[in-house]
Amino acid sequence: SPKSGTHEETIRAAKEAMIPLAKRTAEIGCKLGLYNHGGWAGMPENLVSVCKALRAEGHDHVGIVYNWHHGHDRINEWEDDLNLMKPFLHCLNLNGMNTGAQPKILALGKGKHEKEMLKVLLQSRYEGPVGILDHQNHLDAEKSLRANLDGLKKLITKLR
């Protein structure tokens, strides 16, 4: 996340910062995923701009790992954000979604917005990987992941 500059300058600075990692991941045959962890670097338009800048220099393995749990402030823009990011998505990590991140980590199917967000995802015909994360340290990982899988199953059933 560059601290200052015009849009073009911040994109260039972010690209330059990522080039060593882009080169190293290419050398070892891996993809490089820019991860939306909040702030400037978590904004879909910035993630896409940095991907485009890196790909323009031949780093075609660079993409985005987008996490719903870091996008609570983007719920209303989800469809536009997805359409923008879709060509660059390496993976989309799902999460229960409530306005204002109340709470930030929530099992799928327990929030207010993920049903509609999932509907948008299905309508987009996105065919890439989808993940669920265990960010609930107070729960056994198996229970947390099972709750997400069960919630996803119920959401998909409702959408059919």
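The legends below describe views of a predicted model of one protein chain.

View 1. The C-alpha atoms fill a box of roughly 45 × 35 × 35 Å along the principal axes. The radius of gyration is 17 Å, which agrees with the value near 15 Å that a compact globule of 160 residues would have.

**View 2. Inside and surface of the chain.** Of the 160 residues, 42% count as buried, and the accessible surface comes to about 9,200 Å², of which 51% belongs to carbon and sulfur atoms. Among contacts between residues at least 6 apart in sequence, 68% join residues at least 24 apart.

**View 3. The loop between strand 3 and helix 4.** Proline 103 is found in this loop, which lies between strand 3 (89-94) and helix 4 (114-124), and a cis peptide bond with an omega of about -5° joins glutamine 102 to proline 103. Alanine 101 has its place in the loop between strand 3 and helix 4 as well, and its phi is near 55°, a positive value in a residue other than glycine. Because its relative accessibility is 23%, alanine 101 counts as partly exposed.

View 4. Arginine 125 is placed in the loop between helix 4 and strand 4 (130-132), and its phi, near 65°, is a positive value in a residue other than glycine. With a relative accessibility of 66%, arginine 125 counts as exposed, since the cut-off for that word is over 50%.

Methods:
Residues numbered from 1 in each chain as written. Predicted model: local features only at pLDDT ≥ 70, side-chain atom pairs only at ≥ 80, totals over all residues. Heavy atoms only, no water. Rg over C-alpha atoms; globule rule 2.2 N^0.38 Å. Buried < 20%, exposed > 50% of the residue type's maximum accessible area, 1.4 Å probe, protein only. Contact = heavy atoms within 4.5 Å. Areas by Shrake-Rupley, 256 points an atom, 1.4 Å probe, with all protein chains shown as cover. Helix = DSSP H or I, 4+ residues; strand = E, 2+ residues; numbered from the N terminus.
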